[in-house]
Each structure stands twice: as structure tokens, then as C-alpha cells.
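I open the notebook on a new model today.

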Amino acid sequence: RLFVNNKAWAAATSGTFHVSLQMEDCSTKDTEGNWVDNEPTGISWDASTDCLVLTDEDSANNLDFALQKVGDGETYMFELASTTGASGTKNRTPSSPYAQGNVHISEVSITAANRQNSTFTVSMIGDGQLSTGTIVTS
């Protein structure tokens, strides 16, 4: 599950977490053949979640939060963790964090296709170092 500010996204149907290494081409005219010399320049990370648009308070609060915070320049605490609490309940809390860091909410999109559930997607860009741990299962 993805959490922002210690709160799980209500009615989440999927989540994505991505970490990548940026490389810079440092080839010169003296580089042999057509091979490219690359040097690592940094690590970036991002996450997104897809949620159902429901009429319950938690879902509405999540969508409202995301819409208000997109592009505001603030960072929010992000956590990718296993959860405690019964599946399908609203009181799920993070435990056994796998990754933690700060994010900017970068994009919100809403999809409302005919005869299908309406969903919204929240995209987040990591800001700074990502702390990682281990997911513990019981």
C-alpha cells in the first residue's frame, strides 16, 4: 500500500513505485568505436496510485487533498508498506515500511468512462533520499 502523511489512499485499486538511475553520456572523440561511456549522475524515484471515486468520506477526502496539493511546492511524507488491520477496512495503518521519503504531488487525473467505475490517479515525484527497509510478512 501507498501512504501519504501516514494515511492510506482510500479504495486504491493499484499502486506503482519506481526507482531509476540517471546516466550521463561522457563519451569523447577519443572513445573507441561506437560504444558510449556513461557515468551515473543521480537516482530518482516516483510513485502513483489509482483509486476508485466513491461517495464515502475517505475517498472524497483523498481526492480533495490531491487536487488541492498538486503543484503546491510542498513535500509530503510518503511510505510504501505492508499494512495492519483487516482487509477492506478503513483503519489500515502502515507497518513494516519498505520505502519512505518525501514526495511532491505532481499530477492528478480523473477517468469517468461510460458504464465503468470512475477512478482517479495521483502521481508523486520523490524529493531527496529514499529510505528503504524490509517488508516483514507473518
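Is Ile43 buried or exposed? I keep in mind that the model is predicted. I looked up Ile43 and found a relative accessibility of 63%. The cut-off for exposed is over 50%, so Ile43 counts as exposed.

**Entry: surface patch.** I placed Ile43 in strand β4, residues 38-52. I checked which element gives the largest share. Strand β3 (residues 12-25) does, with three residues.

**Entry: nonpolar core.** I went inside next. The largest nonpolar core has 19 residues. I asked which of them touch the most other members, and the list reads Leu2, Trp9, Phe78, Val122 and Met124. At least two residues of this core come from each of β1 (2-4), β4, α1 (57-69), β5 (76-84), β6 and β7.

I set aside residues up to four places away in sequence. Leu2 then touches, among others, Trp9, Phe78 and Met124. Its list also includes Ala47, Ser48 and Thr49, as well as Glu79 and Leu80.

**Entry: Ser106.** I found Ser106 in strand β6. How far apart are the C-alpha atoms of Ser106 and Met124? I read 5.3 Å, for two residues 18 apart along the chain. Leaving aside neighbours within four places in sequence, I list Val70, Ser123, Met124 and Ile125 as contacts of Ser106. Its relative accessible area is 34%, so I call Ser106 partly exposed.

**Entry: Arg115.** I checked backbone angles here. Most residues other than glycine have a negative phi. Arg115 is not a glycine, yet I find a positive phi of about 65°. I located Arg115 in the loop between β6 (93-111) and β7 (119-132). I also looked up its relative accessible area, which is 81%, so Arg115 is exposed.

**Entry: salt bridge.** How many salt bridges does the count give? I get one. Asp30 forms a salt bridge with Lys29. I read 3.9 Å between the closest N and O atoms. The cut-off for a salt bridge is within 4 Å, so this pair is counted.

Conventions
Residues are numbered from 1 along each chain as its sequence is written. This is a predicted model: local features need pLDDT of at least 70, side-chain atom pairs count only at pLDDT 80 or more; totals for chains, interfaces and linings use all residues. Side-chain values use heavy atoms; hydrogens and water are left out. Helices (H or I, at least four residues) and strands (E, at least two) are DSSP runs, numbered from the N terminus. Buried means under 20% relative accessible area, exposed over 50%, partly exposed in between (1.4 Å probe, protein chains only). A salt bridge is a side-chain nitrogen of Lys or Arg within 4 Å of a carboxyl oxygen of Asp or Glu. A nonpolar core is a set of buried Ala, Val, Leu, Ile, Met, Phe, Trp, Tyr and Cys residues joined through side-chain atoms within 4.5 Å. Contact means heavy atoms within 4.5 Å.
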